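Visitor: Please take me through one part of this model closely. Start at a helix end and follow the chain features from there.

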Amino acid sequence: MSLGTAPTKNTLAYGPALMERLDALARFSEEPDRLTRTFLSPAHRQAADQVLAWMREAGMAARTDAAGNVVGRYEGDRPGLPALLLGSHIDTVRDAGKYDGNLGVLAAVAVVDELHRRGERLPFAIEVLGFGDEEGVRFPVTLTGSNTVAGTVDPAVADALDDDGLRLGDLLREFGGDPDRLKAEARRPEDVLGYVELHIEQGPVLEAEGLPLGVVTAINGAARYNATVRGMAGHAGTVPMDLRRDALAAAASMVLAIERCAQGRREVVATVGRLEVQPDAVNVIPGAVRFTIDIRAPDDADRLAAMAEMTAALEGIARGRGVELTLDRYYDADAVRCDPALMERLETAIRRHGLPARRLPSGAGHDAMAMASLTPVGMLFLRCRGGISHNPAESITVEDADLAVRVLLDFLHQYDPA
């Protein structure tokens with residue numbers, strides 16, 4: 001399954017082999033009939049070994065690091081030069097699609113494979129990173145791999161437990177990593193030029209505009225809340241409507257208010273994804289409701305303003321309906337701006353292929369969020385059918401995959417490390 005087909009006009013030089021490898025990697029799963037590959041699972045080990053093999057075929061020195069990341073290095077025109085980092089993650093959600101994360105890793109391998117086939121060395125090194133824990137599915141932590149490389153990992157992640165009570169640090173040792181050396185894996189800023197991640201868009205914008213690629217401007221900041229509304233449970237047939245303190249009716253008004261707060265602000269999105277009703281009986285007025293709120297925006301000032309407006313609206317609804325409201329903000333992450341110079345270079349590479357360069361924010365989190373604390377970051381989005389992700393229906397075309405590799409190659413050839 002060589003990726004070394006010489007490009008010719010009007011042919012797909014890289015796409016078919018890249019898609020074949022994506023199909024092959026998707027076969028490493030914890031479940032026989034669907035793709036599930038969580039951090040430090042046997043399927044993760046198998047996938048990591050396969051990626052290591054492909055990295056070595058592409059001329060890279062490859063290893064698994066202390067955090068379970070797969071790392072391949074392709075030296076520049078002399079050994080020891082600072083490296084431009086490329087990559088994404090190889091873990092998945094449960095019942096996943098083939099392309100989330102995996103595309104960015106294998107496309108980066110394809111780019112290095114082509115440089116190796118041509119015998120080219122650039123005035124900088126390239127490192128390809130296959131992060132092991134971006135999704136945060138198995139353990140109550142996330143971005144473990146990219147935080148390790150960035151030097152921001154909390155060593156306490158080693159004590160995280162999965163649903164079976166298995167400790168992350170113990171499983172990491174079995175995997176070949178070393179929880180005691182996480183801090184030692186941190187890159188020095190002077191050894192790194194930047195980080196660039198190719199990823200499926202996970203949204204419908206590019207497809208709607210007929211564009212195969214886009215350049216990411218920022219990764220949305222996000223806040224998450226657990227909300228609890230307490231009213232008074234009562235008999236569904238005996239309590240008059242004007243005397244009720246219906247927690248669910250209040251929560252319903254709150255959900256619509258959350259939606260309005262986001263709709264009134266450009267690029268702010270808000271979601272109520274879970275809702276639990278108590279006592280959850282057909283003939284009882286709901287006495288308590290718990291629901292979640294997820295609110296995101298590429299600009300933190302916009303997000304914070306929306307959060308303040310939302311909080312005031314929910315508290316007003318609670319007072320008007322005679323219920324108690326508790327808001328617990330348990331997660332808060334600032335937006336990450338992509339580096340303007342990397343954005344311009346990616347845009348130039350896209351335009352050289354005769355396409356407009358569309359800028360758009362990322363509503364989903366990525367390893368680039370963690371890497372931004374170490375080095376400038378850039379992201380290239382590739383359209384996916386229907387904007388569907390975290391779903392077996394994830395779909396990209398071989399033509400778009402081919403184009404993405406070509407654009408990345410062009411970007412590398414024009415990249416100036418000075």
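Guide: Helices here are DSSP runs of H or I with at least four residues, strands are runs of E with at least two, and both are numbered from the N terminus. This is a predicted model, in which local features need pLDDT of at least 70, side-chain atom pairs count only at pLDDT 80 or more, and totals for chains, interfaces and linings use all residues. Residues are numbered from 1 along each chain as its sequence is written, and side-chain values use heavy atoms, with hydrogens and water left out.

Helix 3 itself has 17 residues. From first C-alpha to last it reaches 25 Å, close to the expected 24 Å. That expected span is 1.5 Å times one less than the number of residues. Of the 17 residues, 14 are buried, so helix 3 is largely enclosed by the rest of the structure. Buried means under 20% relative accessible area, exposed means over 50%, and partly exposed lies in between (1.4 Å probe, protein chains only).

Asp95 sits in the loop between strand 3 (83-89) and helix 3 (102-118). Its phi is near 55°, positive in a residue other than glycine. Most residues other than glycine have a negative phi, and most peptide bonds are trans. Asp95 is partly exposed, at 27% relative accessible area.

His390 also has a phi near 55°, a positive value in a non-glycine residue. The loop that holds His390 runs between strand 16 (377-382) and helix 11 (398-414). His390 is partly exposed, with 39% relative accessibility.

The peptide bond from Gln278 to Pro279 is cis, with omega near 5°. Pro279 lies in the loop between strand 10 (275-278) and strand 11 (284-285).

Back to strand 16. Here 6 of 6 residues are buried. Val377, Met379 and Phe381 point one way, while Gly378, Leu380 and Leu382 point the other. In a regular strand the side chains alternate between the two faces of the sheet.

Strand 16 has pairings with strand 5 and strand 6. Two strands pair if DSSP finds at least two bridges between them. Strand 5 (residues 192-200) runs parallel to strand 16, joined by 6 bridges. Tyr195 stands opposite Val377 there. Strand 6 (residues 213-219) pairs with strand 16 in the antiparallel sense, over 3 bridges. In that pairing, Gly214 is opposite Phe381.
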